[in-house]
Amino acid sequence: MLYYLFEYLDKTMDFPGAGVFQYITFRSALALILSLMISTIYGKKIINFLKAQQVGETVRELGLDGQTQKSGTPTMGGLIIIIATLIPVVLLTKLNNIYIILLIVTTLWMGTIGFIDDYIKIFKKDKQGLKGIFKVFGQVGLGLIVGSVLYFNPSVTIRERSATPISFNQSQNVATQTPLETKSTLTTIPFTKNNELDYAKIIEWTGDGYENWAWLVFIPIVIFIITAVSNGANLTDGIDGLAAGTSAISVLALGIFTFVSGNVIFSSYLNIMYIPNSGEMTVFIAAFVGALIGFLWYNSYPATVFMGDTGSLTIGGIIAVLAISVRKEMLLPVLCAIFFAENLSVIMQVSYFKYTKNRFGEGKRIFLMSPLHHHYQKKGYHESKIVTRFWIVAILLAIVSIVTLKLR
């Protein structure tokens, strides 16, 4: 809203300094500061409110020192992240930007699913929370919305030069090729020279007009990515500061991608896909990172609040939508490798246990406990050491991901 106010002041009254709100970098810095202030200052008030409502989480007994002391720690702390993100976004972004609309919908949608899950666990005394099938329905529903909007909405385009006609500039006596914004299902393949893949090519074998049916490939891929990343973030939220810290690092890297992809000069210099209007997501990312860091102030060991599914599902959904929107979803196995390792550890553990039980009559385990971070807890590592080392790995993964801008 402030963006539109200062835009009006700049154009109609030539108000001094109002034009600075046109810069994404300025609004991103302001969003980061504002979200950090909201999450740290008002976060304590939200925690006290949750305590007053007896919104405490019963921690699963792992047989580890200090684990039972966490019982009763307030959960639903993801509300801090959501509130501290959305307030700066509403104030400082272009609310008619299709990418911002999608991110706001994602935040509210996944936040609601997570809130319902936490509510059932706490107030209905059901440790299972929202049944898994309903979570999946919610994730699939969001995937359908995001995939459909990104595919069909005319505002979602990329700019390419190869398919545009050459025109002659008489004033400069040179031939030029004017960039053209087009609808496309192109995405980026990391670490490759010819690093673009068109999802439509997957159904090229169907014959002429196959491009019209590319949504049959694109939308299911979007659904799969959103479901996988949100579940990965959910599983990662198991010890103090792990999910919030690793997510902040990954989101910050995505912020670099959104900024350069949405800037015609940087995208041209780096020879990457230019995505008009996508740079506005940088402001959202700045607010989101500030909210995560502010939440980490209270969630670091020993945590005074847990994010719960309200936060973890929201984080995963946002990261997935950001990556898909900026055409970097194939980089997620690298950028969010910790999420995928946590997911994979659970899948491997459950599958191997069922296999050995059916084959030998007794279930065996690959890990001492899953998800992966609990395996290291069982081995005797203090959770602060586990979190710190996971953060280091996340930083290295983020650096590798950023390097793919030029490493092909």
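Helices here are DSSP runs of H or I, at least four residues long, numbered from the N terminus. The model under review is predicted.

1. **Loop between helix 8 and helix 9.** N277 is found in the loop between helix 8 and helix 9. Its phi is positive, about 75°, although N277 is not a glycine. N277 is partly exposed, with a relative accessible area of 44%. N271 has its place in the loop between helix 8 (264–270) and helix 9 as well. Phi of N271 is near 60°, again a positive value in a residue other than glycine. N271 counts as exposed because its relative accessible area is 58%, and the cut-off for exposed is over 50%.

2. **Cis peptide bonds.** Which peptide bond is cis with omega near -10°? The bond from Y301 to P302. P302 lies in the loop between helix 9 (281–299) and helix 10 (308–325). Another cis peptide bond joins S370 and P371, with omega about 0°. P371 sits in the loop between helix 12 (337–360) and helix 13 (372–378).

3. Across the whole structure, a search finds eleven aromatic pairs. One of them is F115 with Y119: the ring centres are 6.5 Å apart and the planes stand at 25°, so the pair is stacked. The cut-off for stacked is under 30 degrees. Both F115 and Y119 lie in helix 4 (residues 98–123). They are four residues apart, about one turn of the helix. F115 is partly exposed at 34% relative accessibility. Y119 is partly exposed too, with a relative accessible area of 34%.

4. **Tryptophan pair.** Is the pair of W213 and W215 stacked or tilted? The planes of the two rings are at 35°, so the pair is tilted. Their ring centres are 6.4 Å apart. W213 is partly exposed, at 48% relative accessibility. W215 is also partly exposed, at 29%.

5. **Aromatic cluster.** Which residues form one aromatic cluster? Y151, F152, Y199 and F218.

6. **Lysines over rings.** Two lysine placements are worth a look on screen. The charged end of K364 sits over the ring of F360, 5.3 Å from the ring centre. K406 lies over the face of Y269, and here the distance to the ring centre is 5.9 Å. The distance cut-off for a charge over a ring is within 6 Å.

7. **Helix 7 against helix 14.** The axes of helix 7 (residues 242–261) and helix 14 (residues 383–403) come within 9 Å. They cross at roughly 10°. That makes helix 7 roughly parallel to helix 14, because angles under 35 degrees count as roughly parallel. From helix 7, the contact is made by L242, G245, T246, I249, A253, I256 and F257. From helix 14, the contact residues are V387, F390, W391, A394, I395, A398, S401 and I402. How many charged residues does the contact have? By class it has no charged residues, twelve nonpolar and three polar.

8. V403 is found in helix 14. At 39% relative accessibility, V403 is partly exposed. How many residues along the chain lie between the positions of V403 and F191? They are 212 residues apart in sequence, yet their C-alpha atoms are separated by 9.3 Å.

9. **W109 and its contacts.** W109 is found in helix 4. W109 counts as partly exposed, with 32% relative accessibility. Which residues does W109 touch, not counting those up to four places away in sequence? They are G138, G141, L142 and I145. W109 and L313 are 204 residues apart along the chain, and their C-alpha atoms are separated by 9.6 Å.

10. **Points to revisit.** For backbone geometry, look again at N271, where phi is near 60°, and at N277, where phi is about 75°. For packing, return to the contact of helix 7 with helix 14 and its twelve nonpolar residues.

How values were computed
Residues numbered from 1 in each chain as written. Predicted model: local features only at pLDDT ≥ 70, side-chain atom pairs only at ≥ 80, totals over all residues. Heavy atoms only, no water. Phe/Tyr/Trp six-rings, centres within 6.5 Å; stacked < 30°, edge-to-face > 60°. Helix = DSSP H or I, 4+ residues; strand = E, 2+ residues; numbered from the N terminus. Buried < 20%, exposed > 50% of the residue type's maximum accessible area, 1.4 Å probe, protein only. Lys NZ or Arg CZ within 6 Å of the ring centre and 35° of its normal. Axes fitted to C-alpha atoms, helices over the stretch in contact; angles between N-to-C directions. Parallel < 35°, antiparallel > 145°, perpendicular 65-115°, else oblique. Contact = heavy atoms within 4.5 Å. Nonpolar A, V, L, I, M, F, W, Y, C, P; charged D, E, K, R; others polar.
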